[in-house]
Amino acid sequence: MCGILGSTRIKSYPAPYMAEVLDEIVLQVENAQVLFNYIPSQKAEAEKIFALCTKRTRKQIFTNVYEKGLRGFILNCAFCDVYIGNEGGAANIAKALSIPTFSIYSPLVRKQDWATYEDGIRNKSIHPGDLAAEVPASYKNLKPEYFCNQLRDFLQKNIRQKIKNPY
């Protein structure tokens with residue numbers, strides 16, 4: 001499951017970058033089946049991210065599997081191998097279900113205050129503040145290539161499907 005949007009626009013990883021993350025997941029996980037998580041009012045933004053993905057990635061995103069309510073979301077999430085995406089309530093629900101999470105924190109949120117159950121293997125997160133001290137902590141500077149190796153490592157350790165060799 002991919003939390004493609006945060007609860008607000010300023011808490012959402014930029015759409016072009018999120019599309020790159022989705023493309024990387026599909027490159028690494030053979031036959032990946034990707035579910036989008038977003039709130040109903042964000043449908044147009046979700047469709048924009050979908051359109052930014054490669055044709056191959058779009059074929060592996062199941063847009064018809066979507067729940068508007070919390071109970072349905074929890075049921076869908078319980079059947080997922082991993083949760084990847086914006087940090088927030090959905091990521092915390094995934095953690096409560098023992099679903100491995102790879103979370104992208106907003107620059108507005110202090111990672112050390114919210115990074116529950118972080119072990120660097122099953123629950124991993126990144127934050128713009130993780131960049132070098134001389135780089136401003138902003139989404140603009142947290143490009144996917146900065147953390148793709150970490151994402152590949154997370155997938156390698158947590159996906160039950162066959163993973164392509166990332167190296």
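Student: Quick one before we start: what is a cavity here?
Tutor: A cavity is a set of grid points where a 1.4 Å probe fits but cannot get out. Keep in mind that we are looking at a predicted model.

Student: Which residues line the largest cavity?
Tutor: Its lining is made of M1, L35, F36, N37, V65, Y66, E67, F73 and N76. By type, six of the lining residues are nonpolar, two are polar and one is charged. Both β2 (36-37) and α4 (70-78) supply at least two residues of that lining.

Student: N37 is in that list. Is N37 buried or exposed?
Tutor: N37 is buried, because its relative accessible area is 16% and the cut-off for buried is under 20%. N37 is found in strand β2.

Student: And what is N37 in contact with?
Tutor: If you leave aside neighbours within four places in sequence, N37 is in contact with M1, C2, G3, I4, L5, F73 and A90.

Student: Switching to pockets! How much space lies in the largest pocket?
Tutor: The largest pocket holds about 510 Å³ of space. N37 turns up again there: of the 27 lining residues, S7, N37, G88, G89 and A90 lie nearest the centre of the pocket.

Student: Which helix gives the most to the lining of the largest pocket?
Tutor: That is α5, with four residues. At least two lining residues each come from α4, β3 and α5 (89-96). The lining as a whole divides into 13 nonpolar, 10 polar and four charged residues.

Student: What about the second largest pocket?
Tutor: The second largest pocket has about 380 Å³ of space. Its lining has 19 residues, and M1, Q33, V34, C80 and D81 lie nearest its centre.

Student: How many bridges join β4 to β5?
Tutor: Four bridges join strand β4 (residues 101-104) to β5, and the two run parallel. For example, F102 has K124 in β5 as its bridge partner. Strand β3 (residues 83-86) also pairs with β4 over four bridges, and there N86 stands opposite I104.

Student: Which way do the residues of β5 point?
Tutor: In strand β5 (residues 123-126), N123 and S125 point one way, K124 and I126 point the other way, and all are buried. In a regular strand, side chains alternate between the two faces of the sheet.

Student: Last topic, the largest nonpolar core. Which residues touch the most other members?
Tutor: Those are I4, Y13, L22, F36 and I84, out of 33 residues in this core. α1 (15-28), α2 (43-52), β4 and α7 (144-158) each supply at least two residues of this core, and α1 gives the largest share, seven residues.

Student: What does F36 touch?
Tutor: Not counting residues up to four places away in sequence, F36 touches C2, I4, L22, A46, I49, F50, I61 and Y66.

Terms used
Residues numbered from 1 in each chain as written. Predicted model: local features only at pLDDT ≥ 70, side-chain atom pairs only at ≥ 80, totals over all residues. Heavy atoms only, no water. 1 Å grid on protein atoms, 1.4 Å probe; cavity = no way out; pocket = protein on both sides within 12 Å on 5 of 7 lines; lining within 4 Å. Nonpolar A, V, L, I, M, F, W, Y, C, P; charged D, E, K, R; others polar. Buried < 20%, exposed > 50% of the residue type's maximum accessible area, 1.4 Å probe, protein only. Pairing = 2+ DSSP bridges. Core = buried A, V, L, I, M, F, W, Y, C linked by side-chain atoms within 4.5 Å. Contact = heavy atoms within 4.5 Å. Points joined across faces, edges and corners; volume = space filled by probe spheres on them.
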